[in-house]
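Subject: Structure for your review

Dear colleague,

Please find below the structure I promised to hand over. I would be grateful if you kept it open while reading the notes that follow.

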Amino acid sequence: MKIKNAYKTFILLVAALTLYSCSDVENKESYTGRSEGPASKLNVLRDGVIVGDDLQFSMGATSIILGVDCDGDWTAEVTGGDWADVSNHAGYGYFDRNSYLRLNVVKNDGDARSATLTFKSGSITRTITLNQNGTGTDPGDTFPSSFATLENFKLGYNLGNTLDSWPVGSWWDPTEKSPTDWEQGWGQPITTPEIIGAIAERGFNVIRVPVTWGPHMDEEGNVDQAWMARVKEVVDMVLNAGCYCIVNVMHDTGASETAWLIANMDVYPTVSVRYKHLWTQIANTFKDYGDHLLFESFNEILYTNDNNGWTAPSAGDGAYEAIRKYHQDFVDAVRATGGNNEFRNLVINPYSAGNSQVVLDEMVVPQDKHSNHIMMSVHSYDPYNFCNDNGEWSILIFNEECTKEIDDVFNRVMKRSGDLGIPAFFGEFGAIDGKKDPAERVKYAKYMREKFIANGTTGLWWMGLIDRKTLVWEEDNVVKALFGE
């Protein structure tokens with residue numbers, strides 16, 4: 001079901017901090033390349049690029065690594081606000097390497113603000129203005145920001161294989177099927193308040209309701225009203241249980257001959273019309289709903305509707321341009337319906353909802369008429385060979401190599417989240433190969449919980465855990481690990 005992109009990035013910044021940060025060095029002579037005397041240069045870099053006169057931050061808390069390219073001893077100081085600080089206030093100069101420090105920024109619940117970060121070495125001074133967005137002053141905006149909303153997310157659950165089911169084959173005659181027949185088409189029971197209540201009572205306060213729309217749309221893109229009514233019933237169940245609800249466009253994308261929403265500029269002009277019309281209908285149906293309802297643009301979009309699409313295209317490919325355009329279509333269509341959709345929090349995701357470096361780098365936040373109401377979702381079934389059944393290549397033991405791969409995922413995602421200025425969460429995750437040793441899957445769940453807490457985010461497990469027909473938690477040890485019980 002989930003195909004892992006074959007990209008691995010090794011994050012060396014922490015190692016760089018340990019090796020080259022000068023604040024903790026006691027034996028200066030052990031460092032080759034140590035520079036003596038006054039500095040002739042002082043540059044501040046981020047990701048190898050010289051920083052300009054200012055750095056812009058979203059309202060959320062974040063940390064970034066800055067390199068100091070200086071051939072003399074230097075100092076660093078933040079003035080004008082206690083909301084930003086640096087990990088070390090002095091460092092050594094080198095001829096052939098950089099020093100490093102971490103710039104920490106706390107969450108802003110108030111107005112926009114600025115501070116000054118000043119580096120000095122000898123007669124050279126380098127000043128950088130730090131700007132952080134505030135909560136905004138849009139008139140009538142009573143919805144919590146995307147940052148505040150994510151803070152209220154505990155753990156989430158995907159109501160998978162339900163409203164997203166799309167059976168095909170000679171055994172399935174869609175002309176004879178009701179909405180609840182479709183709902184049961186992939187083996188799950190009809191959703192009831194009792195099912196939703198059991199999930200909510202266990203502690204999951206975010207329920208994603210994946211919806212596949214294609215088989216319920218006519219040639220003009222109009223959604224069958226009976227289907228829309230059933231989607232609304234399930235959404236109401238989730239909200240009535242006190243949970244956040246995320247509604248999306250599911251298997252209309254992906255590796256299926258029936259998928260129509262394709263990340264391809266050749267088809268974009270035609271598909272865009274259908275896509276915007278779909279979101280206009282969804283948004284109008286729910287325009288009066290409160291802030292606990294979120295919309296997600298689409299799920300795991302690919303540039304083709306076969307398995308070849310799981311390999312992410314190279315940087316600059318037209319697939320990424322198509323995704324950026326679809327995201328803008330999504331935001332524009334929802335906002336245009338007015339009502340509470342004016343400020344509703346919206347969720348976007350990268351190519352394939354993946355977390356490789358290239359798909360994250362190609363993400364662009366769409367323009368929005370209001371600030372701080374967009375968030376990013378990515379999926380992680382990493383390590384793939386542990387989380388999934390991959391035959392002879394399966395990883396059976398959750399070990400340090402597994403935790404290292406997960407660390408790399410979080411480093412990439414959270415860094416890109418900070419760069420984009422929007423919060424990020426994991427819309428799907430899970431060790432979903434039930435044949436693996438339960439004790440090893442518990443280790444995975446515990447580690448993911450640690451990473452969520454450490455990074456100020458959360459995730460939504462991909463279905464399972466509970467038998468929705470009997471309401472028995474069949475994998476309660478995994479659930480306990482997720483909640484730290």
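Please bear in mind that this is a predicted model.

The largest nonpolar core has 102 residues, and Trp213, Phe295 and Tyr444 are the ones that touch the most other members. The element that gives the most to this core is helix 7 (residues 318-336), with nine residues. A second, separate core of 24 residues is also present, and Leu42, Phe57, Ala84 and Val86 are among its members.

The surroundings of Trp213 may be followed in the display. Neighbours within four places in sequence aside, Trp213 is in contact with several residues, including Val223, Trp227, Met228, Val231, Leu278 and Ile282. Asn248 and Asp252 are also among the contacts of Trp213.

Next come the strands. Strand 3 (54-57) runs parallel to strand 10 (residues 124-132), and four bridges join the two. Strand 10 also pairs with strand 9 (residues 113-121), here in the antiparallel sense and over nine bridges. Strands 9 and 10 form a hairpin with two residues between them. In that turn, Gly122 has a positive phi of about 60°.

Where does Ser58 lie? Ser58 is found in the loop between strand 3 and strand 4 (62-70). Is Ser58 buried or exposed? Ser58 counts as buried because its relative accessibility is 9%, and the cut-off for buried is under 20%. Apart from its neighbours within four places in sequence, Ser58 is in contact with Gln132, Asn133, Phe147 and Gly421.

Finally, I turn to the largest pocket, which holds about 990 Å³ of space. The pocket is lined by 36 residues, of which Thr62, Ser63, Met414, Lys415 and Asn455 are the closest to its centre. Which element supplies the largest share of the lining? Helix 10 does, with nine residues. Several other elements each supply at least two residues, among them helix 1 (13-20), strand 4, helix 2 (146-152) and helix 11 (438-455). By type, the lining divides into 15 nonpolar, 11 polar and 10 charged residues.

With kind regards,
A colleague

Methods
Residues are numbered from 1 along each chain as its sequence is written. This is a predicted model: local features need pLDDT of at least 70, side-chain atom pairs count only at pLDDT 80 or more; totals for chains, interfaces and linings use all residues. Side-chain values use heavy atoms; hydrogens and water are left out. Buried means under 20% relative accessible area, exposed over 50%, partly exposed in between (1.4 Å probe, protein chains only). Contact means heavy atoms within 4.5 Å. A nonpolar core is a set of buried Ala, Val, Leu, Ile, Met, Phe, Trp, Tyr and Cys residues joined through side-chain atoms within 4.5 Å. On a 1 Å grid over the protein atoms alone, a cavity is a set of points where a 1.4 Å probe fits but cannot get out, and a pocket is an open set with protein on both sides within 12 Å along at least five of seven lines; lining residues have an atom within 4 Å of a point. Grid points are joined across faces, edges and corners, and a volume is the space filled by probe spheres set on the points. Ala, Val, Leu, Ile, Met, Phe, Trp, Tyr, Cys and Pro count as nonpolar, Asp, Glu, Lys and Arg as charged, and the others, Gly among them, as polar. Two strands pair if DSSP finds at least two bridges between them.
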